[in-house]
Amino acid sequence: MMSQQMDLGLKIDEEIPLTLEEIENYDVEELLQLGEENLENMRYQNCQLIYERAYALDPKNERVLSAFGFFLSTIKQTELARKVLSEAIYLAPDENAKKYLHIAELYNGNDAATFYFKAIEILIKDIQKSDNIFYQNVDYDDLKKDLSQAYSALGELYMSDLCKTENAQSHCLNFLLKSIETDNQNLDAYYQLANYFLETDDPDKAKESILKLIELYAAHHEKEDGFLDGYNNEFFLGVAKVCIELEFYNQAILILDDLVRDDEKNAEFLYNNAYCNFMVKNYITAAEYVKKDLNEFDLSFDPELQAAKKELEGELQKIDVSQAMDNDKMREDEDWEDEDDEEQKMDNDMEVEMK
């Protein structure tokens with residue numbers, strides 16, 4: 001990892017793809033930084049050009065291969081990503097744990113576990129090195145986060161692919177607890193731990209785990225510090241569904257509101273938000289989602305979701321809207337609309353007088 005970010009002097013325009021001529025004088029370090037910037041902004045066409053150029057300059061560079069392999073896995077070029085990351089592992093088997101974390105995600109079962117165990121071995125050594133003041137090339141916090149994520153991933157594996165192996169349940173719990181001990185901000189670890197306790201029929205402990213996750217979510221949401229960007233919408237939908245299973249509907253709404261704002265065309269986000277609002281008697285909001293937003297979708301592609309929406313519509317038809325918890329919100333909205341109408345009328349009257 002580079003200790004400082006270089007100013008490459010190249011303006012990245014997401015509307016205009018890069019050309020080879022623009023980057024032909026860049027060295028490998030500059031290309032790796034540029035690739036990372038473009039990957040963060042999902043400019044995949046640029047990434048393809050950048051990493052192919054870096055590979056052409058130094059095809060035996062382990063860092064180039066690791067970055068290129070991660071990019072390929074991001075765009076679902078799984079077989080090629082496996083090949084490139086395997087080459088990076090061959091060149092430097094005991095360095096750079098990230099390539100093991102990336103390749104582990106491309107495999108299942110024991111194969112994935114083997115890669116995670118190797119990543120953990122390297123990360124522990126690197127963390128020990130970071131205690132040495134003369135070893136300056138380590139970002140301690142990043143190493144701890146990676147180690148925590150490796151433990152969490154192993155916990156998930158022992159809850160799924162490896163659930164039939166000997167002592168799987170104890171391995172699962174131990175890895176998840178290690179994950180949280182290593183990084184108590186790891187949302188995935190709390191999510192997996194909640195799932196674990198649901199699987200082992202301990203809903204009270206599942207509630208403790210998911211409430212801790214929600215507490216962290218709310219804190220970072222308020223700070224707007226970018227922390228939540230490290231998790232995708234699929235992850236947060238899973239969290240919301242666990243909240244629903246535990247009947248934490250308001251907590252689920254907190255997350256689902258953000259998901260809908262991010263993607264208002266996702267029928268699953270909309271339905272789950274409608275359902276949670278219905279369960280907390282926000283009948284007006286629930287009806288808006290069902291009758292206005294969800295009716296725009298052809299849900300025949302998902303019979304289960306289609307049936308759930310129909311059932312919710314039926315329940316809403318039985319409701320006395322005067323009992324809705326969000327009646328006050330509706331009145332506030334109407335008051336604002338009345339004020340806006342009055343202001344518009346005053347503006348129009350002033351325009352007439354001026355004429």
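This is a predicted model: local features need pLDDT of at least 70, side-chain atom pairs count only at pLDDT 80 or more; totals for chains, interfaces and linings use all residues.
Contact here means heavy atoms within 4.5 Å.

**Helix α2**

Helix α2 covers residues 28-40, 13 residues in total, and spans 18 Å from its first C-alpha to its last, close to the 18 Å expected at 1.5 Å a residue. Its buried residues are Val 28, Leu 31, Leu 32, Gln 33, Leu 34, Gly 35, Asn 38 and Leu 39. What do they pack against?

At the start, Asp 27 puts a side-chain oxygen within 3.2 Å of the backbone nitrogen of Glu 29. Just after the helix, Met 42 has a positive phi of about 60 degrees.

**Aromatic rings**

How many aromatic pairs does a search of the whole structure find? The search turns up 20. One of them is Tyr 55 with Phe 68, a tilted pair. This pair ties together distant parts of the chain, since Tyr 55 belongs to helix α3 and Phe 68 to helix α4, 13 residues apart. Tyr 55 counts as partly exposed because its relative accessibility is 38%, whereas Phe 68, at 9%, counts as buried. Another tilted pair joins Phe 278 and Tyr 283, and these two residues are both buried.

A pair of aromatic rings is described by the distance of the centres and the angle of the planes, so here are those values side by side:

| Pair | Centre to centre | Angle between planes |
|---|---|---|
| Tyr 55 and Phe 68 | 6.4 Å | 55 degrees |
| Phe 278 and Tyr 283 | 5.6 Å | 55 degrees |

Elsewhere, ring pairs join Tyr 191, Tyr 217, Phe 227, Tyr 231, Phe 235 and Phe 236 into a cluster. There's a charge to go with the rings, too: Arg 82 has its charged end over the ring of Tyr 107, 4.1 Å from the ring centre.

**Leu 176**

Is Leu 176 buried or exposed? Leu 176 has a relative accessible area of 0%, so it is buried. This leucine sits in helix α9 (residues 168-182). Skipping neighbours within four places in sequence, Leu 176 is in contact with Ser 152, Gly 155, Ala 189, Gln 192, Leu 193 and Tyr 196. As for Asp 188, twelve residues from Leu 176 along the chain, the two C-alpha atoms are separated by 9.4 Å.

Notes
Residues are numbered from 1 along each chain as its sequence is written. Side-chain values use heavy atoms; hydrogens and water are left out. Helices (H or I, at least four residues) and strands (E, at least two) are DSSP runs, numbered from the N terminus. The expected span of a helix is 1.5 Å times one less than its number of residues. Buried means under 20% relative accessible area, exposed over 50%, partly exposed in between (1.4 Å probe, protein chains only). A polar contact is a pair of N or O atoms within 3.5 Å; within protein, one must be able to donate a hydrogen and the other to accept it, and residues adjacent in sequence count only if both atoms are side-chain atoms. Rings of Phe, Tyr and Trp (its six-membered ring) pair if their centres lie within 6.5 Å; planes under 30 degrees apart count as stacked, over 60 as edge-to-face and the rest as tilted. A charge sits over a ring if NZ of Lys or CZ of Arg is within 6 Å of the ring centre and within 35 degrees of the ring normal.
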